[in-house]
Amino acid sequence: MARTGPDGRAEDIVAVPEKVPVAITVNGVLKHLRLAPWTTLLDTLRDRLDLTGTKKGCDHGQCGACTVLVDGRRINSCLALAVMQDGASVTTIEGLATDGVLHALQQAFIDHDAFQCGYCTPGQICSAAGLLAEGRAKSAEEIRELMSGNICRCGAYPNIVAAIQQAMGQP
Amino acid sequence: MIGFQFSRAHDVADAVRQIATEPSAKFIAGGTNLIDLMKQDVERPLRLIDISRLPLKSVEEAANGGLRIGALVPNADLAYHPLIAQRYPMLASSILAGASAQLRNMASTGGNLLQRTRCCYFYDTATPCNKREPGSGCSAIGGLNRMHAILGASESCIATHPSDMCVALVALDATVHVAGPGGQRAIAFADFHRLPGDAPQRDTTLQASEIVTAIELPERGFPAHHTYLKIRDRLSYAFALVSAAVGLELEGNTIKDARLALGGVAHKPWRDPTAETALRGQPASPSTFARAADIVLRDAKGYEHNRFKIDLARRAVVRALTQAAAGTPQVQSSKKIA
């Protein structure tokens with residue numbers, strides 16, 4: 001199917017390049033995939049690997065629901081091409097618990113009732129895991145600022161901050 | 001998003017060679033703006049060239065006494081780099097004022113310079129936009145222009161450059177190093193971004209097939225007297241209505257050197273040498289600051305919804321100069337304006 005681009009040239013919108021081999025370690029397991037280059041990491045996790053804990057909220061990097069850890073750093077998986085993560089290690093919400101024991105953040109979110117509908121929660125928890133690893137946030141004020149990339153439309157923010165403080169070992 | 005070919009660049013020369021083969025090709029590093037624009041059908045590259053693995057990720061001492069920052073240093077790494085925090089705290093602060101922690105982890109230094117405007121009409125392919133489709137008209141001039149430019153705009157475009165980091169970089173007199181088919185060259189930061197004129201489709205003076213390789217900072221970093229003050233609709237994770245980067249050198253209460261740049265007000269980070277000249281040699285006082293603010297805004301022009309930004313900018317300049325002179329820079333995690 002062809003259509004006219006902004007510069008007036010006809011463009012082939014189904015360029016159909018060959019799929020690209022991609023190897024990503026997801027929650028400790030190496031996955032070999034063949035992916036179209038435009039597949040995002042988010043869509044790969046949800047649609048190819050059935051890891052639907054990671055949520056598609058806005059799909060434009062504005063809400064944080066898709067937050068995962070790539071090589072330990074929190075990112076928006078909706079804005080990351082899977083082919084560019086070749087060789088990387090990805091941790092999603094499904095990979096945080098170990099041997100059936102909840103991650104300290106997961107337990108803290110339960111303890112502090114840090115959600116209502118729960119849709120933003122996987123992104124909130126993965127983002128908070130990234131925040132703990134960064135070690136920059138010391139105060140509630142700094143937690144709030146460094147968690148601002150995760151929107152909660154239920155408005156559970158005070159409880160989210162309290163849960164993160166618990167996981168940080170703060171009173 | 002349209003289908004595209006994907007390839008990886010092996011070195012800078014290979015990147016330059018690859019991008020020259022396809023007119024619509026784009027480099028991708030962090031991808032935080034480009035992927036979004038592709039999802040919106042605003043950018044339609046038929047090839048993406050992955051430069052994210054090129055060895056441009058270090059911050060090094062430069063021969064000029066300053067620092068050389070690789071184009072692929074992530075924004076977060078730059079903001080928290082000990083040498084940046086010590087010697088160029090205004091730059092660190094400006095980076096932490098922008099985007100979110102996740103986006104700063106992904107976004108590259110070079111990509112921050114090359115991000116496109118967030119003008120809503122640029123993003124909306126159903127409306128005319130001279131930046132997206134040259135000659136189609138500007139929907140913002142008679143439209144919803146609350147976020148738009150008050151300085152240096154044209155009949156063709158009133159979009160603003162969205163970066164915070166670039167406001168500090170222009171204030172610090174940084175230099176952009178680029179490589180292209182004709183070799184390497186250096187561009188003064190103030191000359192890197194353009195005013196819209198009658199060609200708003202061109203954001204920068206980067207030429208076809210050129211790639212940003214590094215940003216160089218001169219020695220003077222204003223660590224004692226600086227600030228980055230950002231005024232926005234939300235307290236975090238929002239683009240600036242107005243921002244001000246200030247660096248001062250004081251001797252007693254006399255201003256020996258001054259840097260002043262604004263964000264959120266123009267098609268480029270707005271630095272005003274006339275206002276800086278008016279500050280030099282003067283006492284650091286409210287009247288000096290007010291005069292400088294009047295000079296910066298002397299040619300400001302508002303549109304239906306953004307006239308408030310002229311006064312907002314004037315007050316932001318005075319407040320930022322006051323913060324810098326007092327040695328009490330704005331803290332980005334604090335929501336109180338000092």
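Which residues of α5(B) are buried? Select B:P89, B:M90, B:L91, B:A92, B:S93, B:S94, B:I95 and B:L96; a residue is buried if 20 or more other C-beta atoms, placed from the backbone, lie within 10 Å of its own. Since 8 of the 8 residues of this helix (residues 89-96) are buried, α5 of chain B is largely enclosed by the rest of the structure. Helices are DSSP runs of H or I with at least four residues, strands are E runs of at least two, and both are numbered from the N terminus.

The model is predicted: local features need pLDDT of at least 70 and side-chain atom pairs count only at pLDDT 80 or more, whereas totals for chains, interfaces and linings use all residues. Residues are numbered from 1 along each chain as its sequence is written, and chains are lettered from A and ligands numbered from 1 in the order in which they are written.

Next, display the cover of α5(B), which includes α3 (75-80), α4 (82-87), α9 (165-171) and β9 (226-231) of chain B.

From β9(B), move to the open antiparallel sheet, ordered β9-β10-β11-β12 in chain B. β9 and β12 (270-271) stand at its edges, each with a single partner strand, so one side of each lacks a neighbour in the sheet. β9(B) and β10(B) pair over 6 bridges (pairing requires at least two DSSP bridges); B:H226 has B:G247 as its bridge partner.

Finally, select both chains: 34 residues of chain A are in contact with 29 of chain B, contact meaning C-beta atoms, placed from the backbone, within 7 Å.

Terms used
Two residues are in contact if their C-beta atoms, placed from the backbone, lie within 7 Å. A residue is buried if 20 or more other C-beta atoms lie within 10 Å of its own, exposed if 12 or fewer, and partly exposed in between; C-beta atoms are placed from the backbone.
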